Amino acid sequence: MIPGDFLAGGRLWLLLVVALLAAAYVASLRWRRAAQVRFTQVDLLDKVAPKRPRWRRHLIAAVQLLGLAAAVVAIARPVDRSTERTNSDGRILVLFDVSLSMEAEDVDPNRLEAAKIAAQNFIDEVDDDVEVGLISFAGVVTIEVNPTLDRSIVTRHIDDLELDLSTAIGDALSAGTNLLLNAVEDDENRDPDLAPGVIVLLTDGETTVGRSTPEGAQLAADGGIPVFTIAFGTDSGSIIDPVSGERVEVPVRPAELELVAELTGGESFEAQTGNELADAYDEIRESLGDTLGEEIEIVKELTWRYALASFLLLVIAYAMSLWWLRGMV
């Protein structure tokens, strides 16, 4: 099988020479057959050359031609190209708001369900060599999934998220920062110029319990962790208060999230629909190379494999000719 990429692909024209040799072999067979027809003394021919090589001669020729073709491929220097990320911890931590305000139906079918779908699609598209973790938060911060390469675990936990009271954005940022820093503190080979990971913060509200949002952002900034924020929802969002039974306005609050992104070196986004949320995730994914390390191309030359194949094929053809065609003209 001929590979698809070469360092010197222009040399493959030599395969035409191999093809011409094959054509010449076929032509010689036809010429010999015609010569045998003209030899009228058939009985005498059988006595002179009772053992003719027949199909074995053709097999030897075929192996020789394959050996020559492999040699041409080797001369063209076949390569296998792949990509590899530069030295990086490669971790993304998604902080997912599950406060009651995410029940608002200003986004179809509601903020929570639309956010789940967009987050799951985002995680499915993240590069395979990047770990993804999940933290949910309302009044309490819960580490749902530690950073892992197993996407199915993360998406399953997202699907199981349920709403709760209050909003602790500052505490969620603190927990996420500590998790990422602890994951790399024992790694002596880590590049200090690269972030230990990045945080993607999805929320529609503002902190109501625990440390303030700026305090949590400062911890992330001190740890060198950029935070990409998404303010999800509209100004017309509302929910039914489970205690009073009254309708409560829950407009989205993007101002503090913009400060978080600015303080940590991330980016801030606003999304008022499920499609806009998906677009925000796409932009975040495109920006991750700046913090997770750029991909570099790895080129592995395969010349030796085809050179070895050519050598073995020609040795086999030579051995077969010595054994099968010995004593034959």
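## Aromatic pair and overall layout

The count of aromatic pairs in this structure comes to one. Phe122 and Tyr281 form that pair, and their rings are stacked, with 4.6 Å from centre to centre and 20° between the planes. The planes count as stacked because the angle falls under 30 degrees. The two residues belong to distant parts of the chain: Phe122 sits in helix 4 (residues 111-125) and Tyr281 in helix 9 (residues 274-287), 159 residues apart. The model is predicted.

Glu185 is located in the loop that runs between helix 6 (169-184) and strand 5 (198-203). Between the C-alpha atoms of Glu185 and Pro196 the separation is 9.0 Å, with the two residues eleven positions apart along the chain.

For the protein chain as a whole, the secondary structure consists of eleven helices and ten strands. Of its 329 residues, 39% are buried. Among contacts with a separation of 6 or more, 80% involve residues 24 or more positions apart. The accessible surface of the protein chain is about 18,200 Å², and carbon and sulfur atoms contribute 54% of this area.

Methods. Residues are numbered from 1 along each chain as its sequence is written. This is a predicted model: local features need pLDDT of at least 70, side-chain atom pairs count only at pLDDT 80 or more; totals for chains, interfaces and linings use all residues. Side-chain values use heavy atoms; hydrogens and water are left out. Helices (H or I, at least four residues) and strands (E, at least two) are DSSP runs, numbered from the N terminus. Buried means under 20% relative accessible area, exposed over 50%, partly exposed in between (1.4 Å probe, protein chains only). Contact means heavy atoms within 4.5 Å. Accessible areas come from the Shrake-Rupley method with a 1.4 Å probe; for residues, only the protein chains shown count as cover. Rings of Phe, Tyr and Trp (its six-membered ring) pair if their centres lie within 6.5 Å; planes under 30 degrees apart count as stacked, over 60 as edge-to-face and the rest as tilted.
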